[in-house]
Amino acid sequence: MMGGFGGAGMLLWIVLIVAVIWRFTQAASRKAEPTRPAGLEHTPKAILDERLARGEITAEQYRSLRKEIE
């Protein structure tokens, strides 16, 4: 026999295994929040420099925004 639970015990194990797999896939697929290394400032210029480095803005946009923050 199946430990006294029969088909219900097997169903319980299947549900448990699926729940554990689902939890691990959710945790693995969650994107980590980007962290800023210690010592880097949160100044507008530093943020603008990072955006340019990541390719979020063009060099022309960078120059324009840089003039605005100065």
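Me: Which residues are linked in a network of salt bridges?
Reply: This is a predicted model, where local features need pLDDT of at least 70, side-chain atom pairs count only at pLDDT 80 or more, and totals for chains, interfaces and linings use all residues. Residues are numbered from 1 along each chain as its sequence is written, and side-chain values use heavy atoms, leaving out hydrogens and water. A salt bridge puts a side-chain nitrogen of Lys or Arg within 4 Å of a carboxyl oxygen of Asp or Glu. The network joins Glu50, Arg51, Arg54 and Glu56.

Me: How many salt bridges does a search of the whole structure find?
Reply: Side chains of opposite charge can pair when their charged atoms come close. Glutamate 56 and arginine 51 pair at 3.2 Å, N to O. For the whole structure, the search gives a total of 5.

Me: What is the N to O distance between glutamate 56 and arginine 54?
Reply: Glutamate 56 lies in the loop between α2 and α3. Its side chain meets that of arginine 54 in a salt bridge. The N to O distance is 2.9 Å.

Me: What separates glutamate 50 and arginine 54 along helix α2?
Reply: Their side chains form a salt bridge at 3.7 Å, N to O. Helices are DSSP runs of H or I with at least four residues, strands are E runs of at least two, and numbering starts at the N terminus. Glutamate 50 and arginine 54 are 4 residues apart in α2, so the separation is about one helical turn.

Me: Is arginine 54 buried or exposed?
Reply: Buried means under 20% relative accessible area, exposed over 50%, and partly exposed in between (1.4 Å probe, protein chains only). Arginine 51, at 30%, is partly exposed. Glutamate 56, at 44%, is also partly exposed. Arginine 54 has 51%, so it counts as exposed.

Me: Which residues does glutamate 56 contact, leaving aside its neighbours within four places in sequence?
Reply: Contact means heavy atoms within 4.5 Å. With those sequence neighbours set aside, the partners of glutamate 56 are Arg51 and Gln61.

Me: How do α2 and α3 run, roughly parallel or roughly antiparallel?
Reply: Axes are lines fitted to C-alpha atoms, for helices over the stretch in contact, and angles run from 0 to 180 degrees between N-to-C directions. Under 35 degrees is roughly parallel, over 145 roughly antiparallel, 65 to 115 roughly perpendicular, and the rest oblique. Helix α2 (residues 44-54) meets α3 (residues 59-69) at about 175 degrees, with axes 10 Å apart. That makes the pair roughly antiparallel.

Me: How many residues of the contact of α2 with α3 are charged?
Reply: Contributors include Pro44, Leu48 and Leu52 of α2, and Tyr62, Leu65 and Ile69 of α3. Ala, Val, Leu, Ile, Met, Phe, Trp, Tyr, Cys and Pro count as nonpolar, Asp, Glu, Lys and Arg as charged, and the others, Gly among them, as polar. The contact has 7 nonpolar residues and no polar ones, while the charged ones number 3.

Me: How far apart in space are glutamate 70 and proline 44?
Reply: Glutamate 70 sits in the segment after α3. It is exposed, at 65% relative accessibility. Proline 44 is 26 residues away in sequence, and the C-alpha to C-alpha distance is 9.5 Å.

Me: Which pattern does the protein follow along the sequence?
Reply: There are 3 helices and 0 strands. Of the 70 residues, 7% count as buried. Read along the sequence, the pattern is α-α-α.
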